[in-house]
Amino acid sequence: MTKPSVPVGIICSQSGPYQAMGREILKSAMMAVDEINNQTEFGFSIAAHIRDPRGIISEYHTVCDDLIRNVGVEHIIGCYTSASRKQVLPIVERTDRLLWYPARYEGFECSDNVIYVGASPNHNVLPLVRYVLDNLSREIFCVGSNYVWTWETNRVTRELVSAADGHILAERLLELGESAVGHIVDEIVRRKPPIVFNTLVGSSSYDFIRAFHAGTKAAGLEIPMLSCSLCEPELSIVGPASAGCITSSAYFESIRLPENRAFVARWKARYGDDSSPSVDGQSAYVAVYLLARALQRAGTSNIAEVRRAAAGHRYNSPQGPVWIDGGNNHCVLTPRLAVSNPRGQFDIFWEADAPVKPDPYLTQLDVAVSPSRETSAGDALPNAPHLRVVK
């Protein structure tokens with residue numbers, strides 16, 4: 001008997017300045033769709049309707065409108081940058097649809113019509129900056145793409161560093177897709193900051209990392225670079241210059257969990273031994289499974305019922321246990337820190353001892369807690385000073 005079909009929209013750019021990450025998201029999402037459609041435990045199949053906004057921010061609203069008006073989807077998976085999510089947000093709220101957003105992001109947003117599957121700022125920015133403050137330096141030079149991801153990430157970083165009596169030495173911004181990075185590398189070589197925090201996106205980041213590596217090597221400098229977004233496919237794109245980057249993420253291909261080993265094996269069987277899943281791609285895979293399991297439990301695609309069915313349901317995903325916090329629609333994840341190696345992989349050197357509740361507005365933030373002393377539930381230590389984050 002043919003199973004009923006549930007239409008699901010998938011929005012990810014296959015061209016433009018961050019096309020590589022859009023393609024990774026699509027590959028992982030379709031891998032999950034095909035797996036689910038071949039499993040008997042699901043009483044339906046997913047009909048994926050794919051749209052390509054080509055990295056043009058205004059196009060995200062256009063393709064989302066098309067999916068809702070002309071295809072009739074109630075659930076949409078995708079968007080990569082926060083700028084693209086912001087374009088889609090008004091239409092999914094107005095039409096009461098549900099966006100399953102896979103990318104890690106800057107926080108300070110909470111919509112009933114978005115399931116935030118990627119890392120919140122307390123999952124990625126906080127562990128990274130705390131590690132730097134405890135182990136490397138209290139002075140950071142920031143370089144990023146000129147939009148909300150960098151603005152908010154830099155703001156949180158500045159608050160953390162200032163609370164530790166440190167300093168943000170500079171904040172240099174480039175437009176999305178900008179490749180003229182030489183002047184920033186020249187400034188870094190001249191000023192010799194102890195740490196560089198890179199929040200550039202896509203091709204801008206790749207150009208900067210190569211130029212940074214060449215410039216600092218020529219000057220005889222060894223300056224650590226930080227990232228909250230770099231992933232294995234990007235290490236391959238950048239090449240040898242990508243080694244040594246300290247990265248914060250909920251997912252790395254090198255996670256030693258049976259679920260991840262099986263996931264990576266299926267991935268390589270499908271896309272080739274020389275390919276690697278990305279953090280946001282793996283998150284898109286998780287998003288499809290969270291949606292499918294919620295649809296199965298709800299017995300309907302109705303938004304309110306699916307949202308209720310999705311909340312609190314634990315899924316042993318490739319990155320470890322994941323579930324949606326029904327209080328804010330963000331996911332409970334396990335933060336990790338790693339450093340990229342010359343083989344195009346990450347060596348994990350720290351992870352939380354248990355999944356951590358999402359705190360998108362950083363209301364539980366405690367600047368005194370270092371990664372090595374992180375509490376699994378994100379709880380503050382008694383009598384510790386709390387960081388003030390200006391909203």
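## Ser340 and its neighbours

Contact here means heavy atoms within 4.5 Å. On that basis, and leaving aside residues up to four places away in sequence, Ser340 touches Leu235, Ser242, Ala243, Gly244, Cys245, Gln345 and Phe346. This is a predicted model, so local features need pLDDT of at least 70 and side-chain atom pairs count only at pLDDT 80 or more, while totals for chains, interfaces and linings use all residues. Residues are numbered from 1 along each chain as its sequence is written, and side-chain values use heavy atoms, with hydrogens and water left out.

Ser340 sits in strand E14 (residues 336-340); helices (H or I, at least four residues) and strands (E, at least two) are DSSP runs, numbered from the N terminus. Ser340 is buried, at a relative accessible area of 5%. Buried means under 20% relative accessible area, exposed over 50%, and partly exposed in between (1.4 Å probe, protein chains only). A polar atom of the Ser340 side chain lies 2.8 Å from the backbone nitrogen of Cys245.

## The two sides of H6

Which residues of helix H6 are buried? In H6 (residues 182-191), they are Ile184, Val185, Glu187 and Ile188. They span an arc of only 160 degrees around the axis, which puts them on the same side of H6; the arc is that of the directions from the helix axis to the C-beta atoms. An α-helix has 3.6 residues a turn, so residues three or four places apart point the same way.

The buried residues of H6 pack against strands E6 (139-145), E7 (167-174) and E8 (196-199), plus helix H7 (203-218). Over on the other side of H6, His183, Asp186 and Arg190 are exposed. Just after H6, Lys192 takes a positive phi of about 55 degrees.

## Cavities

Searching the whole structure turns up three cavities of 30 Å³ or more. A cavity is a set of points on a 1 Å grid over the protein atoms alone where a 1.4 Å probe fits but cannot get out, and lining residues have an atom within 4 Å of a point. Grid points are joined across faces, edges and corners, and a volume is the space filled by probe spheres set on the points.

The largest cavity holds about 120 Å³. Its lining has 21 residues, and closest to its centre are Arg104, Ala119, Ser249, Ala250 and Val279. Helix H10 (279-298) gives the largest share of that lining, four residues. The second largest cavity has a volume of about 60 Å³, and its lining includes Tyr80, Arg104, Asn198 and Glu234.

Key:
1 Å grid on protein atoms, 1.4 Å probe; cavity = no way out; pocket = protein on both sides within 12 Å on 5 of 7 lines; lining within 4 Å. Polar contact = N/O pair within 3.5 Å; in protein donor to acceptor, adjacent residues only side chain to side chain.
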